Amino acid sequence: GGSWSQEEEESQNLQSLITSQFAELHQFLTEKEQRLLRDVREEEEKIVKTMEKNLQEIQNNLNSIQEELSKLQEQANHKDGVIFLKEEAGRKSRVSDETKPMLVVDGTLPIEKFDLNFFHYM
């Protein structure tokens with residue numbers, strides 16, 4: 001009878017509706033994935049750049065400390081020990097004011113930034 005073809009038609013409609021909705025969902029998820037991956041990469045690059053900059057500064061600090069040490073070594077070789085120690089004591093209090101600890105890694109991937117809960121909205 002006529003009712004059979006009507007049910008068949010409704011079934012077809014339902015199938016194509018489901019198919020198109022899954023296609024949309026798939027596209028949405030793909031775009032979301034690309035965005036998240038890009039954000040993670042950008043964050044990672046920022047951290048690496050910061051680390052490289054900090055390493056460079058640490059290297060520079062080490063170099064100037066190295067120079068300072070060889071100067072002191074020369075002075076120690078040429079001078080009477082007592083005079084040297086007095087000068088050294090004065091220098092130490094100066095340097096400790098300037099020296100501040102440096103971290104190589106200030107960067108950790110801030111996972112909270114990336115909203116991984118989008119599955120709840122579906």
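Accessible areas come from the Shrake-Rupley method with a 1.4 Å probe; for residues, only the protein chains shown count as cover.

## About the model

This is a predicted model: local features need pLDDT of at least 70, side-chain atom pairs count only at pLDDT 80 or more, and totals for chains, interfaces and linings use all residues. Residues are numbered from 1 along each chain as its sequence is written, and side-chain values use heavy atoms, with hydrogens and water left out.

## Overall build

The protein chain has 2 helices and 0 strands. Both terms refer to DSSP runs, numbered from the N terminus: helices are H or I with at least four residues, strands are E with at least two. Helix H1 covers residues 2-78.

The protein chain has 122 residues, and 10% of them count as buried. Buried means under 20% relative accessible area, exposed means over 50%, and partly exposed lies in between (1.4 Å probe, protein chains only).

Now look at the contacts (heavy atoms within 4.5 Å). Take those in the protein chain with a separation of 6 or more: 79% of them join residues 24 or more positions apart.

## A nonpolar surface patch

Leu14, Leu17, Ile18 and Phe22 form a nonpolar patch on the surface. Together they have about 410 Å² of accessible area. Leu14 sits in helix H1.

What counts as a patch? Its residues have over 30% relative accessible area and no salt bridge; like charges are joined within 9 Å, and nonpolar side chains (Val, Leu, Ile, Met, Phe, Trp, Tyr) within 5 Å.

## Two salt bridges

The structure holds 2 salt bridges. In a salt bridge, a side-chain nitrogen of Lys or Arg lies within 4 Å of a carboxyl oxygen of Asp or Glu.

One joins Arg38 and Glu42, with the closest N and O atoms 3.9 Å apart. These two residues are 4 residues apart in helix H1, so about one helical turn separates them. Arg38 is partly exposed, at 40% relative accessible area. Glu42 is also partly exposed, at 42%.

Lys46 and Glu43 form a salt bridge too, at 3.7 Å from N to O. They are 3 residues apart in helix H1, so about one helical turn lies between them.
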